[in-house]
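Please look over the sequence and the structure shown below, and keep both at hand while reading.

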Amino acid sequence: MRTLLSIALALGIAGLIPPAAAQALLADLDPRPADRTPGSEPRSFAGLGNGIVLFSASDTEHGRELWRSDGSTNGTELLVEFAPGALDGIPAGSPLLPLAGRILGFAADAEGGILWSSDGSRAGTSIVARIAWPIGLAQGSWAADAQRLFWVGYDQVHGAELWSSDGTSAGTGLVLDFAPGNASAFPSGAANFSMRVIAGSLWYAASDGNTGYELCRSDGTAAGTRRVAELAPGPADGNPRLFVPFRNGVAFLGPSSLEPGARSLWFSDGSASGTREVAGWSVGSFFEGEMLELNGRLLYSGFSHGYGMELFVSDGTAAGTHMILDLNPGIAASSPSQFIAHAGIAYFTAYDAHAGRELWRSDGTAPGTWRVADLLPGTSSGSPHELLVAGGALWFAAGGNVGIELWTSDGSATGTRVVADLRSGAASSSPSQLRRIGQELWFAADDGVHGSEPHRSDGSAAGTRLVADLAQNRFGSDPGPALITGMRAVFHATTPTTGREPHGTDGATVALWRDVAAGSAWSTDALFELRGDEALWALGSRIFTTDLQLGQERTVVTATATGMARLGGRVAYGAGLALWVSDGTPTGTTLVRSFAGSAFYPRGPHAMRSFGDRVLFLASEGALSPNSGLWISDGTPAGTRLLVTAAVHLAGSARVECVIDGSRVFALVTSNGSRQLHVSDGVTTTLLANHASTRNPERGIAALPGGVLFAGSDATHGEEPWFSDGSPTGTSLLVDLAPGGPGSAPDWFTAVGGLVYVAADDGTHGAELFVTDGSAGGTRLVRDVALGRTASSPAELLAVGDGGIVCRMFEPSSGAEAWFSDGSSAGTRLIRDLAPGARSSRPGSFARLGTRLLWSADDGEHGREPFVMPIAALGVPLVETLGAPCAGSAGRLPLIAALGSPRLGANAFGIRLSAARPGAPAALLVASSAGQLTLPASCTLRAAQPLLALSAICDGAGLAALPIAIAADPALVGIELVAQWLVADPSGALLGALAASAGLRVQVGR
């Protein structure tokens, strides 16, 4: 028996063993200076009164989540991640509201809407309740005071109704089903909302189904929620809005009695009889901040047919309601807005032809009204915005000679100044999200280096500074997921000169493959499917074939493909709302079935999948059609039919994942709030599980010997790993990883070496890596990488050979980096801290190209670029089939396979031949690396430069095997050989004398 070591020494190829090289930058495709970043774009600053500020911010590692800061760089950190990975747990417009000494806010995770509460610490941040998600997040669609939060929430049972919370679980819920059943008390558009809490009561507009949207009031209880008055009798809408406190009640805008369709000024003391129109003429105000109570009178943007929208005042009577001053003389409007009171003076913005839109002030009289300053001298507008009073001063953002920066004013022209020119010169730092925190101002700004990041100011230039650079992103080419041909990898990347275009790499060098959209324009992602030693590509509006070296190509058809999958010796693809099939030639490309006027989802989470000589895809014949779900096709109209029914017309929530298990396909279909597992042989389909679910895992199913592991759920255990052997009785909970809780939320199911790796949260360790052999006893935590409840959040798992997985995991001292695991605690290790220290390189898009591992990452120096490392450095064994067989007599396709795994000390390892001509002589060619020598009849030699040939004779079944024992010598780790069988066959396609198998790449591991 030969050993692999003796072969290597005899042939002088011991030098082929690669060193244990570390990961390296493959190419810096975008070499621009690493000095710009989009920033974390902080939102909704809220102070706790103890020096701690909470806000939401976004980075590519965590998405938009909750952060905290004490005002220092070191004291600024991620507080909690509601949605794992790069998903947003907190929407960008979501408010953070001080309530009873804590901060209350909205978030979302895989299970739906959350109301959370925090005291600024991790331990003191918790979920208050699961809630109906707010219809809108802009101010006016929610309202709060120091005791209670109100919002418009929607669920399928009640429709859009009023919800409230006092910050406790018991005090959170639906206030009243005002329009009974699933009818909605509120309109669907958030822009139509106007809500405000005044003196402990919420004032708003709603409909009980019998009237239009009328004046309502609530104290947060069902009994204390009622319609105050019907401003427009019958089904017409009174539509009150812009509520402001005034005397012993509220002033607001309602329907005008003089001008149908217009708004006028109204007052209410909370009773029907005390609700009256103050003056019937039209009011120009419409948006929040366009009306203000000042010293017992109302200032607002009023409308006059002779003067347009100008500054008005009212004492609550028709006689006491009049225009103060025509700020923009004549019929042209000054459109006052953004009223705010400070030291008995109203400040606002208004437009006039001499100075543009600038800052004004008024005490409610004509003599006491004037422009404060012309911030941008001349007729151009300074356009002050986000007016705010903090620390005894007026603050705002505005444009001037130094761009849009932070300003402050004491009400005089000389006392109105730029606080700090954060982005020097005429460029703008564009301050936003201005909030008063104690005696300081917090805001978001872009200083031209860090992107939009949190800043704070005490009103002086020296006291205005960056709090922390949270995103720390840099320019880079941002390479996308790689498409692997076996010889080349293709990925989209962005460069300054070509825009986002496909690049090709052999693992050593990278070059632009195609500039599809000329110049700096971007092209769409590429699709491809292998057809033996050719690939069918879809790129831009063209489908073409090329060899695996990405050499000469031939256009098949002009079409924009949206999905591809191999279908026997052909390729099926989606184009428009139709399924097509192609043999790689124009005449062999035909329409299979059109789904026009309905829905067809051939890519993304619904990607087309090969199933033997058929293809699986998700489609619907129409929104109300019962013929919606997973379809199967053999490439003919008659052979295209519905296989698994699912409500896929809900395109945003429908998802299907398929696992092929020999002659069976397991289909996990998530749609319309349920997750169903089906099994089918392509003819008969059986429902194995039907579970309620509101979560879509990134990868929710994987194969195990004898069945599949999938994300299932029940009312007792929540979402946990389930196992199915393909029968209803053999489908059950595998293990309750988070006992008694809402479930472990398993995700990223990845099969390798008879095991399945999965990311899950057992309620004790946070989201960590688990591994299972398909039994409860064989399911265990691999390693608590981020100790305690801190989550390492494993993501983007990729199987590497037979020896384990690589993935992204977070650990506090090294940030989010690339990790390897062989399923043991000792064998789970950081590959390298690519962005040194606690910073994260945020690796992603892992892919294997032969014996190399590719991925994208940001090392903090080059931006997000492609990186590469030899898989030999991980010490895992690899076996990979290359290309396609070359047919012999009777259409036989000789098959090559490995016997066992190429590990050190594997005495029983070997190379097997099957499906060859019975009794035929055969030779096993062995080369030191993969090649591609194309011969007549489209036959390809992968062992193109063989170092030796080993002989064998096929038995009566066309089988042969050669054992190759592997010595237990660590020097063999990483050695690569490529093998290929040649079979003597007088009818063979190769030179009329031979048939050939595909190639087999083997790399030795530990």
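A residue is called buried when its relative accessible area is under 20%, exposed when that area is over 50%, and partly exposed in between, using a 1.4 Å probe and protein chains only. The model is predicted, so local features need a pLDDT of at least 70 and side-chain atom pairs count only at pLDDT 80 or more, while totals for chains, interfaces and linings use all residues. Residues are numbered from 1 along each chain as its sequence is written, and side-chain values use heavy atoms, with hydrogens and water left out.

| Residue | Relative accessible area | Class |
|---|---|---|
| Ser 268 | 0% | buried |
| Phe 252 | 0% | buried |
| Trp 266 | 10% | buried |
| Glu 386 | 26% | partly exposed |

Ser 268 belongs to strand β20, which covers residues 263-268; strands here are DSSP runs of E with at least two residues, numbered from the N terminus. A polar atom of the Ser 268 side chain lies 3.0 Å from the backbone nitrogen of Gly 270. Leaving aside residues up to four places away in sequence, Ser 268 touches several others, among them Trp 203, Val 250 and Phe 252, where contact means heavy atoms within 4.5 Å.

Phe 252 also takes part in an aromatic pair. Rings of Phe, Tyr and Trp (its six-membered ring) pair if their centres lie within 6.5 Å, and planes under 30 degrees apart count as stacked, over 60 as edge-to-face and the rest as tilted. The whole structure holds 21 aromatic pairs. In one of them, Phe 252 and Trp 266 are stacked, at 6.2 Å centre to centre with 25° between the planes. Because Phe 252 lies in strand β19 (residues 249-255) and Trp 266 in strand β20, this pair ties together parts that are 14 residues apart in sequence.

Glu 386, found in strand β30 (residues 385-390), has a positive phi of about 55° although it is not a glycine. Ser 845, in strand β71 (residues 844-849), is likewise a residue other than glycine with a positive phi, near 55°.

Finally, there is the pocket. On a 1 Å grid over the protein atoms alone, a pocket is an open set of points where a 1.4 Å probe fits, with protein on both sides within 12 Å along at least five of seven lines, and lining residues have an atom within 4 Å of a point. The second largest pocket holds about 1,800 Å³ of space, a volume being the space filled by probe spheres set on the points. Its lining has 46 residues, and those closest to its centre are Gln 139, Trp 142, Leu 387, Leu 388 and Arg 435.

Notes
Helix = DSSP H or I, 4+ residues; strand = E, 2+ residues; numbered from the N terminus. Polar contact = N/O pair within 3.5 Å; in protein donor to acceptor, adjacent residues only side chain to side chain.
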